[in-house]
Amino acid sequence: MTVIYAILIFCLLIFVHEFGHFFVAKACDVKVNEFAIGMGPAIWKREKGETKYSVRVFPIGGYCTMEGEDEDSDDPRAFNRKPVWQRALVLAAGSFMNLLTCVVLLIIIAFWAGTLTTTLDRIAPGSPAEAAGLQAGDTIVAIDGRAVSEWSEVIMDLNADAKGGDNTDKRTVEITVLRDGKTMSFSCKPEYDREQKRYMIGIQSTSEHHLIDSFGAGIRNTGQMTVMMVSVLKQLFTGEVSVRELSGPVGIVYAVNTTAKSGVMYVVYLTALLSLNLAIINMIPLPALDGGRLLFLLIRRITGKRVTDEMEGRIHFIGIMLLMLLMVYVTFNDVIRFILPIF
């Protein structure tokens, strides 16, 4: 299953990225010579119209080759003959599709998980909540007189006077609930859980599944994840995070193996994380990456014909070689970290 999950994840992320380039290129009437998923020898290929479609043996890459992308071309439909704004759209489309994939997957996860409510679903036997008289179906409306409308507020108020330890076990909270249309109050003594490092009373909430709320949660979570990744990249460039911490295909397969043990939804979350990672990495303004190509669009817009298509192609080729060396280095580190310890 690890192998299957890993192949599916690689193929999905590569497909949506290259399809973004392909779709916008076709929309801008750019001649696409080949659309390929995977690298190495072709295991399936078909030519339709002017474009050759292929699936290749190693699912760790892919490409959408366009006429005039890395060389001079006199074809009026060549990439290098198109207006700057169209070329920018084509280049940015791959990362946009990965970003969109991340949002969609996080929406699915949010809908599957649901939104926790303040209505109680279960009371743990022998818990402080049971001793206080709380019942399944009660809706918590206030704690110590403070109105609550979200489950996070319930957790926060139960820990409002916590000092980071179990020295307040004698503290009593007043919990107001709505039961059968009537408002009732109960006194309850939270117990400190050393494992979770917070106060608990033994209650579990119900969850509701709303598509609109899931959309909002998916977008918010994508934003938070983006901020986190950009912060890590900044630390990588400043030296606060070592290059040794980077992972390649081997590390990803190891992560898939670990995540799959927790369930399918955890694999979906990992896929969303990797998709966003691919989107952000590709927008870094370095040669061979989409961000680097966008940077060259700006440079050539300013300098005119001083930088030719052939010159830019050579620079991107050097960038590809450097990326391949980085991949070899990262893979070597992954083998040392994840494979050798097994033996």
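**View 1. The second largest pocket of the predicted model, with a volume of about 350 Å³.** A pocket is here an open set of points, on a 1 Å grid over the protein atoms alone, where a 1.4 Å probe fits and protein lies on both sides within 12 Å along at least five of seven lines; grid points are joined across faces, edges and corners, and the volume is the space filled by probe spheres set on them. The model is predicted, so that local features need pLDDT of at least 70 and side-chain atom pairs count only at pLDDT 80 or more, whereas totals for chains, interfaces and linings use all residues. Residues are numbered from 1 along each chain as its sequence is written, and side-chain values use heavy atoms, with hydrogens and water left out.

**View 2. The lining of the second largest pocket, made by 14 residues.** Lining residues have an atom within 4 Å of a point, and N80, R87, R300, K305 and D309 lie nearest the centre of this pocket. Helix 2 (84-113) and helix 8 are the elements that give two or more residues to the lining, and helix 8 gives the most, with three residues; helices are DSSP runs (H or I, at least four residues), numbered from the N terminus.

**View 3. The crossing of helix 8 (residues 290-303) and helix 9 (residues 309-339).** Their axes, which are lines fitted to C-alpha atoms over the stretch in contact, come within 12 Å and cross at roughly 150°, which makes helix 8 roughly antiparallel to helix 9 (angles over 145 degrees). The contact (heavy atoms within 4.5 Å) is made by G292, R293, F296 and R300 of helix 8 and by D309, E312, I315 and H316 of helix 9.

Methods:
Axes fitted to C-alpha atoms, helices over the stretch in contact; angles between N-to-C directions. Parallel < 35°, antiparallel > 145°, perpendicular 65-115°, else oblique.
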